[in-house]
Amino acid sequence: RVRLLDARDRIGGRLISPPGGRTFDFGACWTWPSHDHELAAVCAAVGAQTVAQWSKGDMLTVSSDGRVHRVASRAFSEERRFVGGSASLVQRLLDKAKAPVSTGHAVSRVSIAEGGELLEVHACRSADGLPVVLHARAVVVAAPPPVVASTIAFEPPLPAQLAHALANTPVWMSDAAKVVVTFPSPFWRAAGLSGSASSARGPVRQWWDNTDPEMRGATDDDASASLAGFALDDDARQLAAGGAQAVEMIDRIVEQLLQLFGEQASQPLAVHYCAWPGEEWTADPSGRTERAPPIFGAGILRRPPAEYGGGLL
């Protein structure tokens, strides 16, 4: 029997879509068939479907001097998106496993229970602050490494090399915000544009067509047509700050879309975003901003420590 504990008030980590049935993704959204073989096997097991990332048409680039260039080039090659959004994959897995879920349960300690046959997991229930203690034959910790290092105590202590890797592996893209701007229709396609754009000037450095592949014809704030992009570093942190700072950043984003895609882009139905620097259970506690450090994906993070008899991963 499997039980899932999640410190957030939802499941899925950085696989997240907004409420209301909209299928654009605020976190991870692509899979690469040439090397994502394990993920492909999971999709097949739970019946998840993928669709090619839209890339038909020309892309736009903005040079450092602010000039916009139209280029007959594709920004994507084999990338595929999940029909129903990437968060639907998590729900399919849960439905198949029939695993009970406890959200709002932040794990603070993992130890070997008395007798040595089970592991003991200590958590705090956010709803009322009460402690929760569970026992298991195996524990899988699925959280950003430095968040694990700063929030969970282990007894016996983890090997020094593993503890070092956890504390010093920056969180991939934790300095980014995902921005999704919705429109009544994907008007850029009629102009022969793919919706892809790269910019040497902010606030969004990369744009792409994020239109719902099923194009269900939703209206107003649930529009299926959308452009998505990444804001990074200070721009992402400004969105995370909320309030007037976020409003100012949204205005800059719409101005950028006007420059890139013309007048129709200046009248979006809505601007949605998720600023990961402000997410407690994702953001790197050290504040590091590297996106491709040498230690990224250290092999020791994938090997169970011998001190736990193979029961901890």
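Trainee: Start with Arg92. Buried, exposed or partly exposed?
Mentor: Arg92 is partly exposed, at 34% relative accessible area. The cut-offs: buried is under 20%, exposed over 50%, and partly exposed in between, with a 1.4 Å probe and protein chains only.

Trainee: Before I go on, what kind of model is this?
Mentor: It is a predicted model: local features need pLDDT of at least 70, side-chain atom pairs count only at pLDDT 80 or more, and totals for chains, interfaces and linings use all residues. Residues are numbered from 1 along each chain as its sequence is written, and side-chain values use heavy atoms, without hydrogens and water.

Trainee: Where does Arg92 lie?
Mentor: In helix α2. Helices (H or I, at least four residues) and strands (E, at least two) are DSSP runs, numbered from the N terminus.

Trainee: What does Arg92 touch?
Mentor: Val46, Gly47 and Ala48, leaving out residues up to four places away in sequence. Contact means heavy atoms within 4.5 Å.

Trainee: How do α1 and α2 cross?
Mentor: At roughly 60 degrees, and the axes of α1 (residues 37-46) and α2 come within 10 Å. Axes are lines fitted to C-alpha atoms, for helices over the stretch in contact, and angles run from 0 to 180 degrees between N-to-C directions. The two helices are therefore oblique to each other. Under 35 degrees counts as roughly parallel, over 145 as roughly antiparallel, 65 to 115 as roughly perpendicular, and the rest as oblique.

Trainee: Which residues meet there?
Mentor: Leu39, Val42, Cys43, Ala45 and Val46 of α1 meet Leu89, Arg92, Leu93 and Lys96 of α2. By class, this contact of α1 with α2 has seven nonpolar, no polar and two charged residues. Ala, Val, Leu, Ile, Met, Phe, Trp, Tyr, Cys and Pro count as nonpolar, Asp, Glu, Lys and Arg as charged, and the others, Gly among them, as polar.

Trainee: Switch to α6. Which of its residues are buried?
Mentor: Asp235, Ala236, Gln238 and Leu239, in a helix spanning residues 233-241. Down the axis of α6 they fall within an arc of 155 degrees, so they line one face of the helix. That arc is taken from the directions from the helix axis to the C-beta atoms.

Trainee: What do they pack against?
Mentor: β12 (176-183), β14 (204-209), β15 (225-232), α7 (243-261) and β16 (270-275).

Trainee: At what angle do α6 and α7 pack?
Mentor: About 130 degrees, with the axes 6 Å apart. That makes α6 oblique to α7. On the α6 side, Asp235, Gln238, Leu239 and Ala241 make the contact. Among their α7 partners are Gly243, Met249 and Arg252.

Trainee: What about Lys98 and its phi?
Mentor: Lys98 has a positive phi near 50 degrees, and is not a glycine. Its place is the loop between α2 and β7 (101-103). Lys98 is exposed, at 71% relative accessibility.

Trainee: And Met173, buried or exposed?
Mentor: Met173 is buried, at 16%. Its phi is positive too, about 60 degrees. Met173 sits in the loop between α4 and β12.

Trainee: Last one. Which residues does a cis peptide bond join?
Mentor: Glu155 and Pro156, with omega about 5 degrees. Pro156 is in the loop between β11 (153-155) and α4 (160-168).
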